2 protein chains.
Amino acid sequence: MKSKQFTPDEQAVLEDIMRSRRDVRGNRFTQQGVDSGVVDKILQSALYAPSVGYSQPWQFVVIRDHAIKQQVVDNFNLENEHARTQFSGVKEETYSKLKLDGILEAPVNIAVFYNQSNAPVLGQTSMPEVGEYSVVCAVQNMWLMARALNVGLGWVSILNPEKIKQTLNVPNQHKLVAYLCLGYVDEFYERPELELLKWEKAKSKDSVIHYEEFSQAE
Amino acid sequence: MKSKQFTPDEQAVLEDIMRSRRDVRGNRFTQQGVDSGVVDKILQSALYAPSVGYSQPWQFVVIRDHAIKQQVVDNFNLENEHARTQFSGVKEETYSKLKLDGILEAPVNIAVFYNQSNAPVLGQTSMPEVGEYSVVCAVQNMWLMARALNVGLGWVSILNPEKIKQTLNVPNQHKLVAYLCLGYVDEFYERPELELLKWEKAKSKDSVIHYEEFSQAE
């Protein structure tokens with residue numbers, strides 16, 4: 001075959017990066033600045049992502065300005081107050097202690113939007129949501145590339161998306177897909193933080209993988 | 001820092017895998033079988049994906065059975081007939097010539113579902129769609145791992161999702177996120193196929209990246 005063939009060593013590097021990737025919050029970011037060259041590499045990885053009908057329906061806003069971040073934090077704090085009330089008992093207690101964002105602590109924030117096409121898109125005619133899914137693929141590429149560059153990334157989803165669009169002056173036909181906080185960290189945890197805190201357990205392979213048809217073993 | 005630090009060489013491997021990844025259709029798959037060990041590695045990479053509130057809301061159905069694939073192809077053909085009529089002029093002509101699936105040609109198909117939680121999920125209270133987005137992150141991990149293993153992967157989205165659930169006997173609260181076709185290929189194209197066919201152009205970096213707020217330069 002004429003295309004590039006990757007080796008077992010290269011496969012192992014990819015697996016290592018995937019396994020080491022973590023969702024990073026404000027309690028782990030350090031003061032160290034992130035060069036624009038590093039941010040460019042992370043954005044470049046987004047542009048390698050697949051997109052339905054090659055529509056490339058993504059838009060990125062890179063934020064370093066403190067006043068803008070402050071507006072986003074205010075948005076987060078309001079949403080998080082509402083969110084907290086939806087948990088009860090031990091979970092409510094744990095929830096209150098969790099640091100769930102890193103908006104101000106991270107030197108760089110990146111808001112990621114889906115730009116809906118007015119024309120029909122190849123491959124998007126039966127399942128319209130695959131347009132947004134393309135943007136999520138770009139986010140996962142960024143997350144892996146950030147980890148490879150030893151930069152922590154946290155995805156903040158406890159936000160009012162319409163207010164984010166107002167804050168960043170984003171046109172109406174766009175939809176917020178992700179709000180990312182990036183910075184160097186003192187440590188990447190060995191396991192997901194919510195597993196270490198016993199918020200959720202790791203699911204077994206058997207409970208999520210089925211053959212030929214869905215089996216209801218659970 | 002005590003966590004693993006990746007090197008520039010390892011960053012380059014990741015970038016190379018991302019850049020070489022392609023959406024593969026039935027015209028490129030070879031007859032070569034895919035071992036279950038290889039399928040397991042691809043599924044394992046999905047389980048390394050991030051998920052909102054560590055909810056791991058994914059379910060995978062691995063399909064090798066011809067009769068099941070035939071039902072999925074029938075579903076695709078019907079949807080694709082409807083889809084074709086949405087394009088006109090040169091695009092309609094090109095659309096008719098495109099091979100848009102590899103369901104029967106690929107030795108392995110994997111249907112990927114989002115399993116909606118009945119309880120509130122941490123991080124999913126303001127933007128409910130982030131549950132599905134977690135599953136898409138898992139799909140992107142699979143796509144990259146498949147490419148690293150020199151296995152082609154194509155995402156088929158021209159399907160009636162409810163009929164797929166019937167075909168695979170999937171419970172109601174699940175949502176189809178992706179239907180994937182996997183197999184070895186004779187070639188990975190240098191550039192996305194829809195770019196080579198001049199269906200869409202590559203977007204410039206400047207047209208999708210903004211700083212501090214959205215700029216409407218287009």
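Student: Which residues does B:Lys41 touch, not counting residues up to four places away in sequence?
Tutor: This is a predicted model, so local features need a pLDDT of at least 70. B:Lys41 sits in helix α2 of chain B, which covers residues 36–47. Leaving out residues up to four places away in sequence, B:Lys41 touches B:Met145 and B:Leu149.

Student: How far apart in space are A:Asn115 and A:Gln59, C-alpha to C-alpha?
Tutor: A:Asn115 belongs to strand β2 of chain A, residues 108–115. With residues up to four places away in sequence left out, A:Asn115 touches A:Pro57, A:Gln59, A:Gln173 and A:His174. A:Asn115 and A:Gln59 are 56 residues apart in sequence, and the C-alpha to C-alpha distance is 6.9 Å.

Student: What ipTM does the predictor give the complex?
Tutor: For chain A, the average pLDDT is 96, and 99% of the residues score at least 70. For the complex, the predictor gives a pTM of 0.98 and an ipTM of 0.98.

Student: What percentage of the contact residues of chain A recur in chain B?
Tutor: The contact takes 106 residues from chain A and 106 residues from chain B. The same surface serves both copies, and the share of chain A contact residues that recur in chain B is 100%.

Student: What area is buried between chain A and chain B?
Tutor: The size of an interface is often given as the accessible area lost when the parts come together. Carbon and sulfur atoms give 60% of the area buried between chain A and chain B, and that area is about 9,500 Å².

Student: Which helix gives the largest share of the side of chain A that touches chain B?
Tutor: Between the chains there are 4 salt bridges and 52 residue pairs in polar contact, both residues at pLDDT 80 or more. A:Glu129 forms a salt bridge with B:Lys175, with the closest N and O atoms 3.1 Å apart. The touching side of chain A divides into 57 nonpolar, 23 polar and 26 charged residues. Its largest share, 12 residues, comes from residues 130–148 of chain A, helix α5.

Note on methods: Residues are numbered from 1 along each chain as its sequence is written. Chains are lettered from A and ligands numbered from 1 in the order in which they are written. This is a predicted model: local features need pLDDT of at least 70, side-chain atom pairs count only at pLDDT 80 or more; totals for chains, interfaces and linings use all residues. Side-chain values use heavy atoms; hydrogens and water are left out. pLDDT is the predictor's confidence in each residue, from 0 to 100. Contact means heavy atoms within 4.5 Å. Buried area is the accessible area (1.4 Å probe) that two parts lose on being put together, summed over both. A salt bridge is a side-chain nitrogen of Lys or Arg within 4 Å of a carboxyl oxygen of Asp or Glu. A polar contact is a pair of N or O atoms within 3.5 Å; within protein, one must be able to donate a hydrogen and the other to accept it, and residues adjacent in sequence count only if both atoms are side-chain atoms. Helices (H or I, at least four residues) and strands (E, at least two) are DSSP runs, numbered from the N terminus. Ala, Val, Leu, Ile, Met, Phe, Trp, Tyr, Cys and Pro count as nonpolar, Asp, Glu, Lys and Arg as charged, and the others, Gly among them, as polar.
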